[in-house]
Amino acid sequence: MLNPDFKKNLLRLLAENARRPLEDMADRLETTPEKVAAAITELEEANEIVGYCALIDESVLPEAAVKAIIEIKIRPEREGGFDRIARRLSKFPQVTSLYLMSGGFDLMAEVRGATLNDVAMFVSSKLATIDGVLSTATHFLLKKYKESGKLYEEEETNERLQVTP
């Protein structure tokens, strides 16, 4: 069983940069690399660390050319609430993330497709036809500026004085 403060600090370091060397994490956590490695293994086995991912400039990946956020209003079920529909939506390969949310809609899905038409066809032929889905609102993402605390474009610094009329 991990010390709660150690666990919290380790998870924060991993969330910031999962490729940080074990030695660096050990220094920051004031322990040994072996203890950090064992703690990571324990967290993975307990399914508290469920995976790792890289933040990538998606313009270099043609298969992820179009991304949309889809708000979904659903009718909760008597026995399962929102969970059965959410599990069903999670199984679609186009859905990369799915969240229960507060506000005017119940679920928010992040969806990817090769073209605008691919996303539109997914919404109209797959998503909207699911029993219990009452309405959707689709928002196409145009440009990513920041994700998971990381900026995609650094602000330009200009040493020259700006001249304006």
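Buried here means under 20% relative accessible area, exposed means over 50%, and partly exposed is in between (1.4 Å probe, protein chains only). This is a predicted model, where local features need pLDDT of at least 70, side-chain atom pairs count only at pLDDT 80 or more, and totals for chains, interfaces and linings use all residues. Residues are numbered from 1 along each chain as its sequence is written, and side-chain values use heavy atoms, with hydrogens and water left out.

Start by selecting F92 and F122, both buried. They form an edge-to-face aromatic pair, 5.3 Å centre to centre with 80° between the planes (ring centres of Phe, Tyr or the six-membered ring of Trp within 6.5 Å; planes under 30 degrees apart are stacked, over 60 edge-to-face, the rest tilted). F92 sits in the loop between α4 (83-90) and β2 (95-100) and F122 in helix α5 (residues 116-127), so the pair ties together parts 30 residues apart in sequence. Helices (H or I, at least four residues) and strands (E, at least two) are DSSP runs, numbered from the N terminus.

Last stop: K73, which lies over the face of F105, 5.9 Å from the ring centre (NZ of Lys or CZ of Arg within 6 Å of the centre and within 35 degrees of the ring normal).
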